Amino acid sequence: MGDFKFGILGCGFISGIHADAIKNIPGAVIAGAFDVHTPSKDAFCKAHGVRAFESSEEMLLSDADAICICLPSGLHFDAAMECIRHKKHIVLEKPMALTSKQAENIICAAEENGVNVTVISQLRYSPAVKEVKRMIDDGKLGTITLGNAIMEYRRSPEYYQNSSWRGTWEMDGGGALMNQGIHGVDILQYLMGEVVSVFAYAKTLVHNIETEDTLTAVLEYENGAIGSVVATTSVAPGYKRNIEICGSKGSLKLCEDTIAVCDVEGEEHHRFPGKRTSNAEAHPGGIDSSLHAEQLRDFISCVKKGVSPWISGKEGKKAVDIICAIYESAQTGKKIYLK
Ligand SMILES: NC(=O)c1ccc[n+]([C@@H]2O[C@H](COP(=O)([O-])OP(=O)(O)OC[C@H]3O[C@@H](n4cnc5c(N)ncnc54)[C@H](O)[C@@H]3O)[C@@H](O)[C@H]2O)c1
């Protein structure tokens, strides 16, 4: 089999991470890229030495095996449906779509057309998250009582002012939670299991944007535990994401992609600083491409075998469902049940 070819749709910040990731995967190449903003497209194609497509249609009619959708979030749904119509496999940046209904439509259309979808949640590929999951599944924490994701991030006013889409309902689908906080929500539900209900407050306290910059939610999990999600872009100086899983026999704290606290019997060897691949708490560009590369490698292997990838559309939809329920609660003042 020849090289696995990726087309890249959107040539902004995250497309550079995709390009760097693809370059580090043997047997994977970039077929080319397209962006409506020609200077961005030309700069990207020059920097990575790849073909500049004249249109997204031209890319979809090319021999690319899969398309990395690196567009503003509000364009993910239409772009994914277009890729599916052209039978292209899809790497969909987070959030996979802005509503549960859109996510469901992508899942169904992809299944009907034999298209493989992976939704980027690169943190799940971090060794620290995998180890935490193993300890939980092995019962080492006893009865799980608490699961919290605390994402007290800072973004500058310019972060929103210099972007036409960030902080808007139509194109960002939300604020600190949908954009930055989705990573923590996905890891939390992956480690804790399904969320049954949410109750939330959301406010816009600092930034001149439509959506929230400060949010807190209380969660109830199917396993009986409770917990919380905090997501902000309003906090100075900004702190690293902390995910805390606490149980009757032991507790764990993930700080970004390292295990910062491991009070679990027999697992004390995890008390070491792991590889840090993110300093996104105060810098929108503060991630590296190594975990994206892990996810893309996995995706290529699944496409070749004709099996569904680990973080499929169904998996990607879970965080969207929780976030939409949290927004509904904040807007209505009511507890929202997901099940
Ligand atoms: N996984 C992560 O850690 C991570 C980090 C940052 C961003 N993201 C996600 O990646 C996506 C893009 O974010 P970004 O920071 O790269 O945004 P960006 O604004 O830097 O880039 C978006 C690009 O899309 C282009 N574009 C807009 N409409 C287009 C269209 N119709 N056709 C082709 N190109 C079009 C824009 O010109 C721009 O170059 C978002 O959904 C975001 O949530 C994920």
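Q: Helix H6 (residues 127-137) lies across strands E6, E10, E11 and E12; at about what angle does H6 run to E11?
A: This is a predicted model, in which local features need pLDDT of at least 70 and side-chain atom pairs pLDDT 80 or more, while totals for chains, interfaces and linings use all residues. Residues are numbered from 1 along each chain as its sequence is written. Helices (H or I, at least four residues) and strands (E, at least two) are DSSP runs numbered from the N terminus, and contact means C-beta atoms, placed from the backbone, within 7 Å. With axes fitted to C-alpha atoms, for helices over the stretch in contact, and angles from 0 to 180 degrees between N-to-C directions, H6 runs to E11 at about 165 degrees.

Q: Which strands are the edges of the open sheet of 8 strands?
A: Two strands pair if DSSP finds at least two bridges between them. The order is E12-E11-E10-E6-E9-E8-E7-E13, with mixed pairing. Pairing on one side only marks the edges, strand E12 (258-263) and strand E13 (336-337).

Q: Which residue in E12 stands opposite cysteine 255?
A: Strand E11 (residues 251-255) pairs with E12 in the antiparallel sense over 5 bridges. In E12, the residue opposite cysteine 255 is threonine 258.

Q: What radius of gyration does the chain have?
A: The radius is taken over C-alpha atoms, and the globule rule is 2.2 Å times the number of residues to the power 0.38. For 339 residues the rule gives a value near 20 Å, so the chain agrees with a compact globule at 20 Å.

Note on methods: Two residues are in contact if their C-beta atoms, placed from the backbone, lie within 7 Å.
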